[in-house]
Amino acid sequence: MRTSRALRPLAESLATVALGLVAGAVLIWAFGHPPGAAYRALVLGAFGTWEDLLETLAFATPLMLTALTFAVGVRGGLFNIGAEGQMYLGAVGATFVAGMVPMPAWVHLAAATLAGMAAGAVWALIPAALKAWRGAHEVISTIMCNWIALHLSMYLAINLLAEPGRAERTVPALPTARYPVLSEDSTLTAVVFVAVGFALLVYAYLWGTRAGYELRLAGENPDAARYAGVRPQRVVVLTFVIGGLAAGLAGASQVIGRPPAWSLYATLGNVTTLGFDGIGVALVGRNHPIGGILGAVLFGALAQGGRLMEYEVGVLSELVRALNGIIVFAMAVPELWSLIRRRFLRP
Amino acid sequence: MADVVDGGVSAPAPRVQMRGIHKVYPDGTAALRGVDFRLHPGEIVGLLGENGAGKSTLMKILSGLLRPTRGEVLVEGHPARFRNPSDALRCGIGMVHQVFTLVPPFTALQNVLLGQEGAGLLRALPEASARARVQALLDELGLDVPLDVPVESLPVGVQQRVEICKTLYRGTSVLILDEPTSALTPGEADELFRFLRRLRDRGVGVVLITHKLREVLEVTDRVVVLRQGMVVGELSTGSATAENLAELMVGQVTGLRVRRTPRAPGQPVLSVRGLWVRDDQGRLAVRDLSFDVREGEIFGVAGVEGNGQSELVQALTGLRRFEAGEVRLEGQAVPTLEPLALYRRGLAHVPEDKARFGLALGFDLVENSILGRQRENQFLRGLGRLNRPAIVRYARELVERFHVVAPDLATPVRNLSGGNQQRLLVGREVSKQPKLVVAMHPTRGLDVASTVYIRELLVQLRDVGKAVLLVSADLDEVLELSDRVAVMYGGQFLAVGPSDHFRRETVGLLMGGVVPTGDADQPRAPSPR
């Protein structure tokens, strides 16, 4: 009874992923490619060899964190789409400590990681404060903060963190502040353990502590939360801070945990869209930290496997992005169906 | 507009007729049980009844918002099936709801035109061409509405006129108004009534949903009284009196008797002095209330909903700020907006809407069993962690002791019946070992077994010396359970006294805002202390 209830969201997510893949097959076919061969290449590219699998996980690492940002927001009753900007600042913070503040080996790694997380959290405090004390809707404020973060981060990357003679990127992380690469043939580093560990920690916090209970209560039923003596402002700030920590870690992971650059591009090219992609991942993962990990692996597999699909079958890699979108769309199908039934099919 | 004019001649068939209407909601509540209703052109019909009598449900069916489970609607003698309110509007039936459906920053003109023929997703509202027609309609009806001011800056009474105009502009000849005066000042209400009479004289059929006896007597031609989903009386207003309407509305005492032995009350546990509370719109909803609830007594507050009961209870339970006055729990002043502090000092609160305040429907039984108690040490371990085994044990205890029927403890509370949800909630609150229990509508919508169970539980609490404040729109419940009764109307207690001093009819009148005269043995003037 209990297990079947717990597994139901998983089954639903798998069904929508399947639905999305079928719709994607139609799209691939429409572009004149054989869907069977394309998907074979996709799967082989993502999971065919040990290195492919590791590369899939490397793509998945930041996504499970930005998904966490969105998922925690939803659990706390917020539509926090600010992971993108919080992640930029996280990358900047990590770059600064990793590249410009020499420290002993392991301390440096920890400090750079924490700096990234802290920068993300501080950036998240802006929409948090606007929401908690001024009632500004978080969708508006996080979108605006994303743009400000984009230009602020580019400014900092170019002016503060730039490496002389290398206009296209910032100073690289010093070797003392780099996560160890797990396999020479992939870009996966030990930061994946930190990411998974952080997701599990947030899971334990939300479902295992009094504060996590109150956060979820405020998201589930704000009136009942008031009845239970939960202060809404506190929940808003807490939710944003946890999300900011996750997004900051996502940004940091791409600088101090992803070869070969070990730095932030001046265009932010090696981190852009990771925050927005996390929203889709969170939806597929049913706004659950564990589901987010699984969803991130799926999207990582699409990103990694898509390369081989393009190479072998000639399917444009943009179609892989379309596939992401279709799967997220498919998540809405059950609700869409009931909407259609309500609207048009009643007697 | 053509319809309005055509309707002027008296037609043989009723303008609209409803036959054998049943409505069962998905949760099993039977809101209507075989109701017949008809409306002729050029009459004002009052639809009278207590909360939950089925007035709004019946009219929502007529206006296409709800579908009947059984029964038929006839327009001009022909069967009609409405899929949505637009269908009903096409048949000339429009409803003005208690909560307006205006777009606040739009002007009155834009609001009237919104959703009309000719306005499309990609086309601008035909403001210029329609202005003359809207103005003509307003002039014709004698309504004064400034067309170019954002409606949010208009007073409520004028907003209501915009809402009515919006409905009539679509050619409505059957106008349904749901508690139209609840937000109006007395002056605005009088003006509305004058307007409704003019509409009637033009051949429009008007249905006035209300629980206020005075309004029914003042403006309607015919009254239909509903109780528990059935028509219990239909009479022409000329032959009706406040007394017989009140009697029809509240009915006779029903079965569910709970034994209550006499008991001398003890010290005051809750003392309220000069309490003023505002509602969400900033209006004064509770006006200068003073009363005590003592150990070992149930103090019942009767009244039709919307007379300040919700605001009173919320103020007493730390959910709403009070404007002025003093509330003491066991002699100590209570802080505002600190429900946890109140719980610690012995308050148990069974809120008016369990699904809204008292439970998180998506959470399971285990998590709901500590809602509001999540900071008590017995449910915590070090580092702010929840002591899951202790919580599960406690949830199991609640389920067994209060006979909650659920597949297992991990079931989301959403999947429980209303009766079982309420047993869990009441059980949780009662097992706090409270000194004061505040319960609002504790048995609303519950099955008979749960109703009796919860009523008996409240009496048991009283018998062991707890103070109980019972606020309910169910008159039988209040009269049966309470040691003392107050009738609340317009934010005040119109009468307070021992429950056996009240007759049902008197309370019915008081609930309708009529203070009975020349009845010497009735407690009349508010005697709070």
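Me: Quick one before I start: what counts as a helix here, and from which end are helices numbered?
Reply: A helix is a DSSP run of H or I with at least four residues, and the numbering starts at the N terminus. Keep in mind that this is a predicted model.

Me: OK, so what does the backbone do just after α10(B)?
Reply: Just after α10(B) comes B:G318, which has a positive phi of about 80 degrees.

Me: And where is α10 in chain B?
Reply: Helix α10 of chain B covers residues 309–316. It's mostly covered, with 8 of its 8 residues buried.

Me: Which residues are buried in α10(B)?
Reply: They're B:Q309, B:S310, B:E311, B:L312, B:V313, B:Q314, B:A315 and B:L316.

Me: Zooming out, how many helices and strands does chain B have?
Reply: Chain B has 18 helices and 20 strands. Its radius of gyration is 25 Å, close to the 24 Å the globule rule gives for 529 residues, so chain B is as compact as a globular protein of that length.

Me: What does its C-alpha trace span along the principal axes?
Reply: For chain B, about 70 × 60 × 45 Å.

Me: What share of chain B counts as buried?
Reply: 47% of its 529 residues. As for contacts in chain B with a separation of 6 or more, 68% of them come from residues 24 or more positions apart.

Me: Which domains is chain B divided into?
Reply: Domain 1 is 2–102 + 172–250, domain 2 is 255–346 + 434–529, and domain 3 is 356–433. Taken over C-alpha atoms, the centres of domain 1 and domain 3 of chain B are 42 Å apart.

Me: New topic: which residues touch the most other members of the largest nonpolar core?
Reply: That core has 256 residues, and the ones touching the most other members are A:M64, A:A112, B:V207, B:L245, B:V468, B:L470 and B:V487.

Me: What is A:M64 in contact with, leaving aside its neighbours within four places in sequence?
Reply: A:M64 is in contact with A:A195, A:A199, A:G292, A:I293 and A:A296.

Me: Last topic, then. How many residues does the contact take from chain A and from chain B?
Reply: It takes 20 residues from chain A and 25 residues from chain B. On the side of chain A that touches chain B, α1 (2–30), α8 (210–220) and α9 (222–227) each supply at least two residues.

Me: Which one gives the most to that side of chain A?
Reply: α8(A) does, with 6 residues. By type, the residues on the side of chain A that touches chain B are 8 nonpolar, 4 polar and 8 charged.

Terms used. Residues are numbered from 1 along each chain as its sequence is written. Chains are lettered from A and ligands numbered from 1 in the order in which they are written. This is a predicted model: local features need pLDDT of at least 70, side-chain atom pairs count only at pLDDT 80 or more; totals for chains, interfaces and linings use all residues. A residue is buried if 20 or more other C-beta atoms lie within 10 Å of its own, exposed if 12 or fewer, and partly exposed in between; C-beta atoms are placed from the backbone. The radius of gyration is taken over C-alpha atoms; the globule rule is 2.2 Å times the number of residues to the power 0.38. Two residues are in contact if their C-beta atoms, placed from the backbone, lie within 7 Å. Domain bounds come from an automatic or database domain assignment. A nonpolar core is a set of buried Ala, Val, Leu, Ile, Met, Phe, Trp, Tyr and Cys residues joined through C-beta atoms within 7 Å. Ala, Val, Leu, Ile, Met, Phe, Trp, Tyr, Cys and Pro count as nonpolar, Asp, Glu, Lys and Arg as charged, and the others, Gly among them, as polar.
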